[in-house]
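Welcome, and please open the model in your viewer. We will go from one selection to the next and look at what is there.

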Amino acid sequence: MARFRTIAGIAASLVALPAHSPAFAQRADDNAIADAEDAFGSNDGGETLGIYSPNSVRGFSPIDAGNVRLEGLYFDRQGDFSPRLVEGNRIRVGPSAVSYPFPAPSGVVDYRLRSPGEDAMLSGVIQANSWGGALVEIDAALPINDVLNLGGGASFSRSEYPSGNNADITNLAAIAHLRPTAGTDLKLFGSRTRIADEDIYPIILGNGAETPGRLTRRRFLGQKWADVETERYTFGAMGRTGIAGFAVRAGLFRSDNAVREGHNIFLRAAPLGAPADRIVSTYPGRTGVSTSGELGVARSFSTGAFEHRIQLVARGRAQDRRYGGSIRRSLGSAPFGEADYVARPDFDFAAQSNDRVRQWSIGLDYQLRVQRLGQFSIGAQKVDYSKRVTTPNGPAPESRDTPWLINATATIDLAPAISLYASFARGLEESDVAPETAVNRDEAPPAIRTRQVDAGVKLRTGGMTLIAGAFDIERPYFGVDGGNFFRRLGVVRHRGIEASLSGSPTPGLTLVAGGSFIRARVRGDEAASGAIGRRPIDVPSRKIVASVDWRWPSSPTSIDATVEHVGRNTADRLNLVDVASYTTVNIGLRQRFAIGRSTAVFRIQATNLFNAYGWEVAGDNAFVYIQPRQIAARITMDL
């Protein structure tokens, strides 16, 4: 109750601010559909859109692969960014990745800072939803002089989740934006996220033959003592300038993620109401700390119709993780689908493991732009990677790799509105981390070599942009074996097609639609022997998303709708359990209005309007259900 009184007090103060207070970065204009560049994936103002996300691009996770960028600069992220620090992200695949130096085979997710502008600004958000959650956000910017602008934000929320669990989340961030000379730009920033009393939702362990029976959603089936607290810190400096005709960009970042004693609850699936086993896996905490950065020096010049750009880029990271030491305890049986709370068992934790990664790379990228013809690039990186793991039984052999990574891209302009694109890339990326259900949970294998080829066409006409392409990605495949141990099981290949249609065919109407169809197959001794199936776990066969936003001419009102379809999935290593497809519908409304000289927007949205039921795969034969219907209302004010 104290937290709710705090939120209510802040909300009341925010509403009472005078109309002549300065305004913040026009949060009232946030609109994920209207702001989307394509349908491949984006986040604006906290609303996500598109067929891909930071955790799933073409069947792989850019986050797990280590392909995170902050305004284009390499960042080894250990925990989620604070939403007060970043305002959104874009998924870079296909033509949007062609101009990137050293594109990554598993896709790139590029985040944007909430940089303070040149005007004094203040913005606030108040939100509540039908699950009982509440949120207050405040962002501000203050210009000090012509050189320095300061910005910052804070948010406080009581977050309610689909499984009936909740958490109290505090986010704080501060940013300084300096322009000491013309052509020189420097940003310094820091943020803190604290997640307190986060109840842990249960993971359903299937019977190996079918998906579990339907559970009543929003009924908490975990344990009240099985919570976790998380602290995340992000610090950094980034800038750009020009020196003797060279363009210089650099960034240095620190990312810390610390979790106190944590828990995972597993429920054995059974007929509803029948006795079912319950297990808790508890660990003494885990940490991930990384210092990373990038330095790039580029020179551009022209020779007739040819425009050249040469970039020398150095990247590095020093990452340290502590994990493991988990203990499993039986909590006895309880009627499946019903809450049954027990006392917290005593835990005597085992020793933990530590790993240390050091990675450096230097690369040269050449781009050529030919007027009325297109753009071409080729790049090469030399990478030095090492990983040391110390287990409770002593140090493991050091892993080292020093590959040359080659990439090439091309865009050919067939006509002013038609272009072809193609790319080839090799990468050294992180593998997936052992899932919660594995006996060696949180263990991270050494970096793996990956390969990607993609090609397609981009067409612009009538205010719309169509992108259609195909891709082929290959990398080592990690999964759990018959002993539930996470390890390399073979090689996986994802081949597929993807498409995006976006734009405004008529004033006031914005359409963003796309789809991805993937054929994923595993090969190797394990698949050939039948120890695992040929289809990898948790790679949906298709995903289709269509979003529309309509604003009547000269009207303060707009409506929007999104339809999302997720295709059939595979849930277990033997390919015996298929997860059915499902379709969800979201609808929303925005009403713009004025409060004195301030701008405000009332936003109401219903997600999963028809309360569709479906399962998501959380590991080998492990499941969590999709979120039920939720109605959220928010007021955003630029004061």
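Begin by selecting N575: its relative accessibility is 17%, so it counts as buried (under 20% relative accessible area with a 1.4 Å probe, protein chains only; exposed is over 50%, and partly exposed is in between). Before going on, note that this is a predicted model, in which local features need pLDDT of at least 70 and side-chain atom pairs count only at pLDDT 80 or more, while totals for chains, interfaces and linings use all residues. Residues are numbered from 1 along each chain as its sequence is written, and side-chain values use heavy atoms, with hydrogens and water left out.

Stay with N575 and look at its backbone: phi is positive, about 60 degrees, although N575 is not a glycine. Most residues other than glycine have a negative phi. N575 sits in the loop between β32 (569-570) and β33 (578-579); strands here are DSSP runs of E, at least two residues, numbered from the N terminus.

Next, select S554. This residue also is not a glycine and has a positive phi of about 60 degrees. Look for S554 in the loop that joins β30 (542-551) and β31 (557-566). Is S554 buried or exposed? S554 has a relative accessible area of 85%, so it is exposed.

Now move to N166, in strand β10 (residues 166-178). N166 counts as buried because its relative accessibility is 13%. Show side chains, and you will find a polar contact between those of N166 and R158, at 3.4 Å (a pair of N or O atoms within 3.5 Å; within protein, one must be able to donate a hydrogen and the other to accept it, and residues adjacent in sequence count only if both atoms are side-chain atoms). Beyond four places away in sequence, N166 touches (heavy atoms within 4.5 Å) residues including Y161, D197 and D199.

Centre on F189, and leave aside its neighbours within four places in sequence; its contacts include L70, L85, A174 and F253.

Finish with L420 in strand β25, which counts as partly exposed because its relative accessibility is 33%.

Methods: Helices (H or I, at least four residues) and strands (E, at least two) are DSSP runs, numbered from the N terminus.
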